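Please read them with the structure open beside you.

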Amino acid sequence: MIFYELYLRSFYDSNGDGIGDFKGLEKKLDYLQNIGIDSIWLLPIMKSPAFHGYTITDFYKTNSLYGNIDELKQLLNEAHKRNIKIVLDLPINHVSVSSEWFQKALNDEKPYKNWFIWSNNKTNTDERRHWGNDKIWHKINDKYFYGLFGPGSPDLNFENKELWDEIKKILKHWLNIGFDGFRLDAAKHIFDYDKKNMKFKYQHDKNINFWIEMLEYIKSIKKDAIIISEVWDEKEIVKKYDGIFEIGFNFPLSYIIKDSIKLNDAEKFVKDLKEVMPAYFKKKSIKTKSGNFLTNHDMTRLRSELKSIKKSNFALNILLTLPGIPFIYYGEELSMRGKLKNVNFTEDGEEPIQWSEIGFGPGQTEWKGYKFNTPYSKISVEEQHKNPKSTLNRVKKLIKFRKENSWIENSKINILENDKNMVKLSINNEINSIIIHYNFKSSKTKININEDKILYYSDNVKCTENKTEIPGYSILITKGDL
């Protein structure tokens, strides 16, 4: 599987209102298929007052700006004709303050008032979030409600089993519409408040029990549903959820790839890779597949993070050659830029894709002005299609190699050699084997390889007798020995 994280608002506009929509995505399915994408992680499309869609007002309705249910069904049908699966991002940890559930809860209506967490005489309403130091208790009228992600996002109270039944109805609703599974937002936050002692505390055992029941329910409706979890934490915490979900995002891996490239440090890459992908170095079966990515909607974009197109292309080369499930953030295939101000302001990382080099025209989304990706920056689809050395064409070439060797997804890693600048590792299963050379330094290096053993290279190599010269920040893949 090759996943593409897609933000609909910034993708393609079919009706001229400047906002991406279901029909727009339908028109661009061929673009994604041409790249080699076979799976889409679609960011929230439910009714929401927020541009990002993560605060829901109605879990059963679409955002009218994106289109109606019939248009969504048509999109899903056309995707499936192209063998493209679409997974829905479902944020159930909290709702919007504007939601009917919360507004009825404020009026003490049942069952809604029991679906949220309210302060009592034990509550320290000045308690702060453990990241960012933001308040987690928020006052409306004479009531304080718990909202870990801010005053616009009241958390749901999953101690109430009625709510579990409601979530199952939501899951069934979207599966019946035709989605192929779910990306489960903030999976470790379902139980993150200790109501007995009235203070913030992760309760991972409760989280796991909740998800086991939900996943069993999902599979009872759609046996082959794809389940992706977001557990953004240190590897020790992520390990607690191993085996629960089919795919788990590997946040530590995203950092070690970028940090190792920034430092030109191949030794760091090897050391950290063994720690964040341990299952791929052992002979045991892999319980939860590693969801490999470089950036997402909550992070600074890759090109802005690494400040170099050579380095960002190198990072994509590493991403798409490691075992696990690779995820590309929309626009990453074009080297789009964007800097995250903070987790409460992510718009600068979600600028519109430019389809034409002038940055305007039919289909172009204009809900947000260009700040980092200005017209004539050579990051448009039009410009990059024409340039054989563009990031877009490099990504297409690499994905083609990856899909021709789909066995890589579930294979093992073995470090063969490494020093400060170079890594030589093998990827293999019982019947296939390749060797990958990663050059972490900016200058070229020579290795002892015959030309006839070369399967793939990211940049032009020079071969003389038994020596092959690899350019800086590039990879070389050769035949392996079983």
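Predicted model: local features only at pLDDT ≥ 70, side-chain atom pairs only at ≥ 80, totals over all residues.

Which side chains meet in a salt bridge at 3.8 Å, N to O, with glutamate 417 as one partner?

1. The partner is lysine 424, whose side chain meets that of glutamate 417 in a salt bridge. The term stands for a side-chain nitrogen of Lys or Arg within 4 Å of a carboxyl oxygen of Asp or Glu. Lysine 424 is partly exposed, at 23% relative accessibility. Here buried means under 20% relative accessible area, exposed over 50%, and partly exposed in between (1.4 Å probe, protein chains only).

2. Residues are numbered from 1 along each chain as its sequence is written, and side-chain values use heavy atoms, with hydrogens and water left out.

3. Glutamate 383 is partly exposed at 22%, whereas lysine 386 is exposed at 60%. Helices (H or I, at least four residues) and strands (E, at least two) are DSSP runs, numbered from the N terminus.

4. Helix α9 covers residues 266-276, and its buried residues include Phe269, Val270 and Leu273. The buried residues of α9 pack against α8, α11, β15, β16 and β17. Asp272 is buried as well, at 11% relative accessibility, and its side chain meets that of lysine 271 in a salt bridge (3.8 Å, N to O). Lysine 271, at 51%, counts as exposed. At the start of the helix, a side-chain oxygen of aspartate 265 comes to within 3.1 Å of the backbone nitrogen of glutamate 267.

5. Is threonine 321 buried or exposed? Threonine 321 is buried, at 2% relative accessibility, and sits in the loop between α11 and β14. Its side chain reaches the backbone oxygen of asparagine 317 at 2.7 Å. Leaving aside neighbours within four places in sequence, threonine 321 is in contact (heavy atoms within 4.5 Å) with residues including Leu398, Arg402, Ile427 and Tyr438.

6. Isoleucine 358 lies in the loop between β14 and α12. Isoleucine 358 is partly exposed, with a relative accessible area of 45%.

Technical notes. Polar contact = N/O pair within 3.5 Å; in protein donor to acceptor, adjacent residues only side chain to side chain.
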